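Visitor: I'd like to go over this structure with you. Can we start with what sort of model it is?

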Amino acid sequence: MAMLGSINGVLMEGLDGDNTWHLKDYVARGGYQQLKRILDNNISQEEVIGEVKKSVLRGRGGAGFPTGLKWSFMPRSFPGDKYVVCNTDEGEPGTFKDRDIMRYNPHAVIEGMAIAAYAMGATRGYNYVHGEVWMEYKRFEEALDEARAAGFIGQNILGSGFNFELFAHHGYGAYICGEETALLESIEGKKGQPRFKPPFPASFGLYGKPTTINNTETFASIPFILKMGGEEFLNLGKPNNGGTKLFSVSGHVNRPGNYEIPLGTPFATLLEMCGGMRGGRKLKAVIPGGSSAPVMRAEVIMDCTMDYDSISKGGSMLGSGAVIVMDETVCMVKALERLSFFYYEESCGQCTPCREGTAWMYKVVHRIENGQGKPEDIDLLNSVLGNIAGRTICALGDAAAFPVQSFLKQFGSEFEYHIEHKTCLVPKDVQWAGSGFHRVQA
Amino acid sequence: MFSAETLEKFDREVAKYPVEQKQSAVMACLAHAQEEKGWLPPEAIEAVANYLAMPPMAAYEVASFYNMYDLKPVGKYKITICTNLPCALSGGYHAGEYVQKKLGIGYGETTADGKFTLKEGECMGACGDAPVFIVNNRSMCSHMHPEQIDKLLEECK
């Protein structure tokens with residue numbers, strides 16, 4: 001099944017799981033028509049970028065930066081090699097939408113990248129694929145072979161004189177490579193450690209050449225934006241939040257999975273589409289945009305709509321659209337302990353505040369969870385996270401600090417209870433009851 | 001050091017990058033080398049480095065940075081289990097406990113017969129299908145409840 005549900009779906013509409021990803025199916029859905037229209041009619045680079053700007057498509061990888069604006073930063077008339085790079089290094093806990101795009105509609109990514117390359121004067125591109133997803137990487141390579149054979153990528157595309165060579169690069173297990181400059185280092189065959197910015201990739205990117213990096217879903221949206229026009233795409237969503245977006249819903253819902261809905265759809269509607277809470281349990285908390293986004297209490301998110309502005313007003317961020325749903329059986333200390341371990345494990349080690357700070361945060365949350373917390377630990381955590389946020393080369397430090405900060409702010413009483421009573425507020429035998437795991441003895 | 005088939009895979013990777021940027025292929029070549037050898041002994045890393053005309057230390061840096069490379073021997077089947085929060089909410093912890101009990105080993109350990117190695121993994125980007133396992137870095141297994149786990153272990157001959 002390609003998509004568990006959609007409202008006014010665009011990217012994933014008309015797909016039938018593993019059966020309709022091939023070139024012929026994509027072409028039958030109107031695929032590669034936009035690339036062809038642009039090349040046949042010599043539509044100018046400015047016009048393509050203008051249409052993307054009109055759509056108010058915002059980067060789907062997490063930062064939400066306006067795509068059209070990002071494209072306009074590229075020095076398109078600069079002589080020499082320029083690159084477009086797709087970020088399919090999808091490792092933000094809770095996010096699994098790009099995997100489905102790669103599985104079910106890989107040609108939309110290829111066409112989107114080819115159009116982007118044309119608009120920015122790039123002649124080479126790479127799609128960096130998350131190391132853990134091998135089947136999707138192989139499928140993308142197959143799709144590239146199909147597109148190359150049909151003349152949609154390669155030299156002199158559709159007889160237009162436009163050249164664009166595109167390849168897939170497979171990661172091998174490093175969350176940090178989702179950071180765009182770490183990703184570039186990784187393509188260059190090095191450790192994935194982020195670069196200091198500026199210079200930004202638009203002036204000094206892959207192999208030191210001008211480069212633009214966008215998320216998979218961002219590229220996949222491009223052909224559809226050009227087909228329906230920027231304005232119509234914008235109107236699918238709400239002002240300043242153009243289009244539909246894929247939401248990956250995980251955790252305690254009846255039907256975890258990907259849902260494509262217009263930005264601005266109420267959270268309550270999304271929850272309903274997922275079949276509601278598993279076992280009819282009570283909603284406790286939601287992380288609305290991947291593990292790095294601040295956690296929200298149930299009553300706050302129930303009043304939000306799923307778009308950049310509403311979630312930001314509610315005190316968190318839409319991020320990659322990864323919605324982690326937690327019911328009343330979750331111990332928030334235990335939940336934060338696991339997230340803190342993740343950032344400790346994945347810190348690349350380059351900046352001291354992050355390398356040392358993530359270890360400290362994990363250590364302290366771990367001891368609180370295990371009944372060895374001290375009353376001063378909450379202040380200690382706040383002090384450590386304050387010394388990480390904003391003091392590192394990349395955003396991983398912030399991403400590690402935000403969950404700690406927000407869990408303490410929203411669920412501080414649970415941490416205090418743990419410290420005082422050396423045990424959890426949620427009885428041990430109830431914890432994780434909502435996991436749905438068919439428990440039997442091994 | 002490597003089979004003709006593996007060398008062919010190396011060449012295919014090198015061809016993806018500009019001629020003067022052969023080092024870009026190091027990640028893929030190390031992965032293919034590991035697939036052939038079962039793990040990455042220092043000699044294999046050095047051979048990959050030589051093949052790509054890069055310093056062996058630079059290749060070693062890559063091999064030790066990315067966590068899907070195995071710098072020590074592992075069992076015939078390396079099972080990596082995601083226990084990150086979204087998976088844990090849907091049974092990731094329980095699935096891990098179940099496999100550990102069943103194989104009698106903990107995370108980071110290998111069974112005495114050298115057949116299985118268990119690893120605790122980080123987000124695999126498949127949280128909707130939790131619990132999720134990856135076997136030998138390549139094969140992703142979804143919805144791993146006891147019945148599916150029993151079947152998987154059975155199939156690992």
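Predicted model: local features only at pLDDT ≥ 70, side-chain atom pairs only at ≥ 80, totals over all residues.

Visitor: How many residues does the contact take from chain B and from chain A?

Guide: Chain B gives 55 residues and chain A gives 69, where contact means heavy atoms within 4.5 Å.

Visitor: And what area do they bury between them?

Guide: The two chains bury about 4900 Å², with 59% of it on carbon and sulfur atoms. Buried area here is the accessible area (1.4 Å probe) that two parts lose on being put together, summed over both.

Visitor: How many salt bridges are there across the interface of chain B and chain A?

Guide: The rule finds four; a salt bridge is a side-chain nitrogen of Lys or Arg within 4 Å of a carboxyl oxygen of Asp or Glu. One salt bridge joins Arg338(A) to Glu122(B), with the closest N and O atoms 3.2 Å apart.

Visitor: How many over all chains?

Guide: The search of the whole structure gives 37 salt bridges. Among them is Arg139(A) with Asp18(A), where the closest N and O atoms are 3.1 Å apart. Arg139(A) lies in helix 7 of chain A and Asp18(A) in the loop between strand 1 (5-6) and helix 1 (23-28) of chain A, so the pair ties together parts that are 121 residues apart in sequence. Helices (H or I, at least four residues) and strands (E, at least two) are DSSP runs, numbered from the N terminus.

Visitor: Is Arg139(A) buried or exposed?

Guide: Arg139(A) is buried, with a relative accessible area of 10%, whereas Asp18(A) is partly exposed at 44%. Buried means under 20% relative accessible area, exposed over 50%, and partly exposed in between (1.4 Å probe, protein chains only).

Visitor: Which residue forms a salt bridge with Glu217(A)?

Guide: Arg60(A) does, the closest N and O atoms being 3.9 Å apart. Glu217(A) sits in helix 9 (residues 216-228) of chain A and Arg60(A) in the loop between helix 3 (45-55) and helix 4 (67-72) of chain A, 157 residues apart. Both Glu217(A) and Arg60(A) are buried. They also belong to a network of salt bridges that links Arg60(A), Lys97(A), Asp98(A), Glu217(A) and Lys245(A).

Visitor: What about Glu414(A) and Lys284(A)?

Guide: Their side chains meet in a salt bridge at 2.7 Å, N to O. Glu414(A) is in helix 17 (residues 396-421) of chain A and Lys284(A) in strand 9 (residues 283-287) of chain A, so this pair ties together parts that are 130 residues apart in sequence. Glu414(A) and Lys284(A) are buried.

Visitor: Switching to rings. How many aromatic pairs over all chains?

Guide: The count is 21. Rings of Phe, Tyr and Trp (its six-membered ring) pair if their centres lie within 6.5 Å; planes under 30 degrees apart count as stacked, over 60 as edge-to-face and the rest as tilted. One of the pairs is Trp134(A) with Tyr137(A), which is tilted at 5.5 Å centre to centre and 35° between the planes. Both residues lie in helix 7 (residues 134-149) of chain A, three residues apart, about one turn of the helix.

Visitor: What lies over the face of Trp134(A)?

Guide: Arg138(B) does, at 3.5 Å from the ring centre. The rule asks for NZ of Lys or CZ of Arg within 6 Å of the ring centre and within 35 degrees of the ring normal. Lys363(A) likewise lies over the face of Trp360(A), at 4.3 Å from the ring centre.

Visitor: Which residues do ring pairs link into a cluster?

Guide: The cluster holds Tyr83(A), Tyr126(A), Phe167(A), Tyr207(A) and Tyr17(B).

Key
Residues numbered from 1 in each chain as written. Chains lettered and ligands numbered in written order. Heavy atoms only, no water.
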